[in-house]
Amino acid sequence: MPSFDIVSKVDLQTLDNAINTVKKEITNRFDFKGSHVEIELNKKELVLNLEVESDMKLAQVLDVLVTRTMRQGLDASIYDQSKEAYQSGKVYKKEVPIRNGIKQEDAKKIVKLIKDSGLKVQPAIMDDIVRVTAKKIDDLQEVIQKCREANLGIPLQYINMKS
């Protein structure tokens, strides 16, 4: 039976390249000359630590980060920007977790979306992936289209298409 997997994976090397590009651009920008800016990626915990002088500069760094990430071919929604920045002494700090893998509640949303579509497919949650099987490949392609149209707030990739 034809099947495919829905995943949410981040290519760490591409992400690292995007962050290094952001660091280089920030050091060359005129409005950041002489100001304290620190961008550090913790690859084990998948957390991006930002440290800047002001709230306005933090917003600028985040804007450059999202722009460069998208130019590298990654989805901008890999950054979970829901945590607020906090002030520590003279600097503002912000931890930005990187979304990697589908959480259980997001997987349930995807399965519900697929079941509500009325297509003859069988979605199944397997750890941090959702496997979808069907009798016809056309139904699987419709599922991919439905998932793309639904704004779930997480970057999704569709891999292992088997017929």
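Student: How many bridges join strand β1 to β8?

Tutor: In general, strands of a sheet pair through backbone hydrogen bonds, either parallel or antiparallel. This is a predicted model, in which local features need pLDDT of at least 70, side-chain atom pairs count only at pLDDT 80 or more, and totals for chains, interfaces and linings use all residues. Residues are numbered from 1 along each chain as its sequence is written, and side-chain values use heavy atoms, with hydrogens and water left out. Strands are DSSP E runs of at least two residues, helices H or I runs of at least four, numbered from the N terminus; two strands pair if DSSP finds at least two bridges between them. Here, 4 bridges join β1 (residues 3–7) to β8, and the two run antiparallel. Asp5 has Ile159 of β8 as its bridge partner.

Student: What is the order of the strands in the open sheet?

Tutor: The order of its 4 strands is β6-β7-β1-β8, with antiparallel pairing. β6 and β8 are the edge strands, each pairing on one side only.

Student: Which strands does helix α3 touch?

Tutor: Contact means heavy atoms within 4.5 Å. Helix α3 (residues 104–116) packs on the sheet and touches β1, β6 and β7.

Student: Is Asp127 buried or exposed?

Tutor: Buried means under 20% relative accessible area, exposed over 50%, and partly exposed in between (1.4 Å probe, protein chains only). Asp127 counts as exposed because its relative accessibility is 69%. Asp127 sits in the loop between β6 (121–126) and β7 (129–134), and has a positive phi of about 55 degrees although it is not a glycine.

Methods. Axes fitted to C-alpha atoms, helices over the stretch in contact; angles between N-to-C directions.
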